[in-house]
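Dear colleague,

Please find below the structure that I am handing over to you. A summary of the findings follows it.

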Amino acid sequence: AVGLPHPDQELSVPALQFAGAGKRLLGSYMGDAVPARDIPQYLEHWREGRLPVELLHTDTRPLAEINEGLDALAGGEVVRRLFTP
């Protein structure tokens, strides 16, 4: 499942699904990143060419074009657009 449910929501599952089938239920909040561990790994992957972060940057535009930029993002025309003052 992806996303956070309403705080009042409850989850009910059959208990034998876990014991009998070897399944487990794991929760995480915001991906449970550990920056001290994860950022060095991301940098290593990027240096080795296995994490092409430059593909996440479409272009850079002036801040005055913020509305057009958000429209382009919503329309799927860009991946990531940076704005400068």
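**Findings**

S1, helix H3 (residues 66–74) and S2 make up a β-α-β unit, and this unit is right-handed. Please note that the model is a predicted one.

The two strands of this unit, S1 (59–62) and S2 (residues 81–84), run parallel and are joined by four bridges.

The side chain of Arg-81 makes a polar contact with the side chain of Asp-59, at 2.7 Å. Both residues count as buried because their relative accessible areas are under 20%: the value is 15% for Arg-81 and 17% for Asp-59. Asp-59 also meets Arg-61 in a salt bridge between their side chains, with an N to O distance of 3.2 Å. Arg-61 is partly exposed, at 31% relative accessibility. Asp-59, Arg-61, Glu-65 and Arg-81 are linked in a network of salt bridges.

In total, the count of salt bridges comes to five. Two further pairs can be described as follows.

- Arg-37 and Asp-38 meet through their side chains in a salt bridge of 2.6 Å, N to O. Asp-38 is buried, with a relative accessible area of 7%, whereas Arg-37 is partly exposed at 45%.
- Glu-48 and Arg-50 form a salt bridge in which the closest N and O atoms are 2.7 Å apart. Arg-50 counts as exposed, at 52% relative accessibility, while Glu-48 counts as partly exposed at 46%.

The surface also carries a nonpolar patch, formed by Ile-39, Tyr-42, Leu-43, Trp-46, Leu-51, Val-53, Leu-56 and Val-79. Together these residues have about 710 Å² of accessible area. Val-53, one of the patch residues, is found in the loop between helix H2 (35–47) and strand S1. Why does Val-53 count as partly exposed? The relative accessible area of Val-53 is 38%, and it is therefore partly exposed, as this class lies between the buried limit of 20% and the exposed limit of 50%.

With kind regards

Conventions:
Residues numbered from 1 in each chain as written. Predicted model: local features only at pLDDT ≥ 70, side-chain atom pairs only at ≥ 80, totals over all residues. Heavy atoms only, no water. Patch = residues over 30% accessible without salt bridge, like charges linked within 9 Å, V, L, I, M, F, W, Y side chains within 5 Å. Areas by Shrake-Rupley, 256 points an atom, 1.4 Å probe, with all protein chains shown as cover. Salt bridge = Lys/Arg side-chain N within 4 Å of Asp/Glu carboxyl O. Buried < 20%, exposed > 50% of the residue type's maximum accessible area, 1.4 Å probe, protein only. Pairing = 2+ DSSP bridges. Right-handed = clockwise from strand over helix to strand, strands pointing away. Polar contact = N/O pair within 3.5 Å; in protein donor to acceptor, adjacent residues only side chain to side chain.
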